[in-house]
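Biologist: Could you show me how to read a few features of a model, from single residues up to the contact between chains?

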Amino acid sequence: MLGNLSGYRILDLTDESGFLAGKLLADLGAEVIKIEPPQGDPLRRRGPFVGGKSDPERSIVWLALNTGKRGVTLDLTRARGREVFCSLSRRADAILETAGPKDPRGLTALGVGYQKLRAENRGLVLCNLSPFGQSGPYSGYRGSDLISVAMGGNMYPTGNPDRAPVRCSLPVSYYHGGIEAAIGVVFALWGREISGEGQVVDVSRQEVMGMPNMTTPTQFPFTGFKGGRVGGGFRGNKAFFRELWPCKDGYVSFALRGGPARIPGILKLIEYMDENGAAPACLKERDWQKYNHNVISQPEVDEIEAALAQFFQSKTMDELFATACERNLMLAPANTARQILSSRQLAAREFFVALDDPGRGITLTYPGAFAKSSLGGIAVRSPAPRLGEHNAVVYGELGLDVDELSAAGAI
Amino acid sequence: MLFDGLKILEFGGGAAGPLGTRYFADHGATVVRVESRQRPDFIRLLRYTPGDPAGLDGSHMFAMVNVNKLGVALNMSHPKAIDVARRLVGWCDVLAENFAPKALAKWGLDYASLTTIKPDLIMISTCLNGQSGPDRNYPGFGGQGSAISGFNHLTGWADREPLGPFGTITDSLSPRLVALLVGSALLHRKRTGQGQYLDLAQVEGGVVCLSENILSLSGAGELLGRIGNRSRHAAPHGAFQCAAEGDDDDRWVAIAVQSDEDWQALRRAMGDPMWAAEERFAGVEGRLQHVDDLEKGLTEWTRPRLALDVVGLLQQHGVEAGLVSNFADQLNDPQLAHRQHFRQVEHRVIGKHLCETNAMRFSLTPESIRQPAPCLGEHSEHVCRDILGMTAAEYETLRSEEVFV
């Protein structure tokens, strides 16, 4: 099945922080070649593992984020390995890497920097996703997800007021950064279509965490609001509002935000509560058409929210969400993976795919394409590569002999 | 610029769609945003209170999201407004929209109809649940997207309610996916002449990013939950409180020790206090097992120190550390300043304000912030006359019939 990026070849040198970039480009049809050191990517040794037992071919995080890629081994610390890399690079359209400027694993540090590669391939694109970018006062700093989320300003406002700022337990800066790097590749390929020239794209993981703050830092000069934590809720001009509510068996998200798009949902929720005998006067007698969350006072919010809290606790997540979908209540369950896997909406869209993985002898359920195109063409095409799975075919295409490379310690 | 000559027409509101087209606007594309006073973009109303003299043009968030765009007001309940919209479709290369699915179809602006006007049209729709399925019309914002796709459940403390992450994360993942999809579709059209229709369900985009969450259950039978700042593979890994600065006693440093080597480096940076030399902390398994004591010891060390001093010292020793930066810190961050992340523009109503750009720097084709966000309908006449080629009389007739409100 052809995709928007069919015919483009991308060399993927990323670590965990950039896995998603190549995965998305592969979903769009690009030929993405994941290059690992001969001993394998370190993430292969991180659990959990399919079957529970430590096995470099069965690491969940490796399997989850490297679908659709071909996989080769290559030792870039050896001269012969670098020669082979240069041959690959001559036939590639783009390279993805995740090394900071001082990282000894980076192409520049290894003596195969962009200028050298470009001399033999004028259209080559290099996209580098690093913790802080390739230059600037912090560019030599180290930083995994926790540091990016903290320094990008998204951790300080997340959390309960009586505890430390907190991050998502999975690495969201790798997701934001992975997509941004994929955009960088596609945009630079567009530039090349016009000018014939490749270029370097420098993506900062600290900087990608700016957008998630939804303009609140740039509003600081007007609001003086530094982002103090309010738990699972949000701040209006005069009051704090709860957004995540315990129900019988979990949590749901619902907020008393106003505006023409939201008020019908609030009215329908009150109607639903009333049918259950759970709508007190403070809900029924208010003129909701005039409701504005920037005007209402905290005692009024507290009175309304007490009724909502009591009602939500009498219902399950499924009951509330089923009613929400029926009546457009603008309420949603804080889903676990189990609930996501059993979603009727995702089932109807045939979102999840069972990928046969004969090389490993397993078949697992994966999230499918991240979007749908009228041309088809966006799909999770194959499971993540086994270590060196495509050495013979990829190096064979270059006219190289795998046994010779192996004997030379290059792969 | 990279996208000089590219023409994008945009319907919708909020951030999930409009921040996606910003990528192209910042790289030179002409983006025409269609709005209406009849049903304003909800972010124009976020901080709005009745009687505000700035009216619908005083929203900081709207101004910061929509720089570099032109704004047209079209009253879509007027049939002649739909004609204008169709003429704009004939002009554009890309139509981007993030309404609920029924909206554009109601106006006859569905993809199949529009390809009769523009056969190679690229169109992208992004809504909460996608364009098909039983819950397609369920209206939702980022709050619902973050909850349904699993981010809320995974964020916060194990003994407390789920939290953010702050900023309703599908509202920032979705625009990035919009930019990626449209960019790839432009490459495809350039090579084949073919347009396409793209359907991005914000929930699905979020679930794909969280593939590890799904595979942990479907592949290993493990249901992930929220674990605060801790890591299942490394310790210490968290935010540690530092000294108050003036009356601000909410200063924190994030520290991540990935290996035993990092732990040795952290000990050296701290001057090797006695508690840290304990044998039980020497290996990662011991540090994970005794993580409460480990965090207590580290907090005692950070608490009297200034956060930025801790960051500088630890990074000097090769240990991952960073300021837990608040919104004021963001504006003073030297690295973000070096990358010119924040730019200034002057909005006609708000005055001078900062806005952000994306996180990519291109060696040959830099982005630029050229003009402020439009006031509602600010460019209606310019777009109708200079882009669509209407005569003054034609524009005036439509205006007097209240098409542009």
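**Across the chains and back**

Modeller: With a relative accessibility of 12%, D248(B) counts as buried (under 20% relative accessible area; exposed is over 50%, partly exposed in between; 1.4 Å probe, protein chains only). This is a predicted model, where local features need pLDDT of at least 70, side-chain atom pairs count only at pLDDT 80 or more, and totals for chains, interfaces and linings use all residues. Residues are numbered from 1 along each chain as its sequence is written, chains are lettered from A and ligands numbered from 1 in the order in which they are written, and side-chain values use heavy atoms, without hydrogens and water.

Biologist: Which side chain meets D248(B) in a salt bridge?

Modeller: A salt bridge is a side-chain nitrogen of Lys or Arg within 4 Å of a carboxyl oxygen of Asp or Glu. Here the partner of D248(B) is K226(A), at 3.2 Å from N to O. This pair crosses between chains: K226(A) sits in the loop between α8 (216-223) and β7 (233-235) of chain A, and D248(B) in the loop between β7 (237-241) and β8 (252-256) of chain B. Helices (H or I, at least four residues) and strands (E, at least two) are DSSP runs, numbered from the N terminus. K226(A) is partly exposed, with 31% relative accessible area.

Biologist: Where does R303(B) lie, and where D249(B)?

Modeller: These two form a salt bridge, their closest N and O atoms being 3.1 Å apart. R303(B) is in the loop between α12 (291-302) and α13 (307-316) of chain B, while D249(B) is in the loop between β7 and β8 of chain B, so the pair ties together parts 54 residues apart in sequence. Elsewhere, shared partners join the salt bridges of E10(B), R33(B), E35(B), D41(B), R44(B), D57(B) and K69(B) into one network.

Biologist: And how many residues does each chain bring to the contact?

Modeller: With contact meaning heavy atoms within 4.5 Å, chain A supplies 151 residues and chain B 154 residues. Between the two chains there are 13 salt bridges, including R142(A) with D262(B) at 2.9 Å, N to O. Helix α6 (residues 172-195) of chain A gives the most to the side of chain A that touches chain B, with 16 residues. Strands cross over too: β6 (residues 200-204) of chain A and β12 (residues 360-362) of chain B run antiparallel, joined by three bridges, with V203(A) opposite M360(B). Two strands pair if DSSP finds at least two bridges between them.

Biologist: What should I look for along a single strand?

Modeller: In a regular strand the side chains alternate between the two faces of the sheet. In strand β4 (residues 94-97) of chain B, V94(B) and A96(B) point one way, L95(B) and E97(B) the other, and all are buried. Its neighbours can be read off as well: strand β1 (residues 7-11) of chain B pairs with β4(B) in the parallel sense over four bridges, placing F11(B) opposite E97(B). Strand β5 (residues 122-127) of chain B also pairs with β4(B) in the parallel sense over four bridges, and there M123(B) faces L95(B).

Biologist: Last one: is M64(B) buried or exposed?

Modeller: M64(B), found in helix α2 (residues 60-65) of chain B, is buried, with a relative accessible area of 3%. Not counting residues up to four places away in sequence, M64(B) touches residues of both chains, among them T215(A), F222(A), R22(B) and H353(B). Its C-alpha atom is 9.7 Å from that of L19(B), 45 residues apart along the chain.
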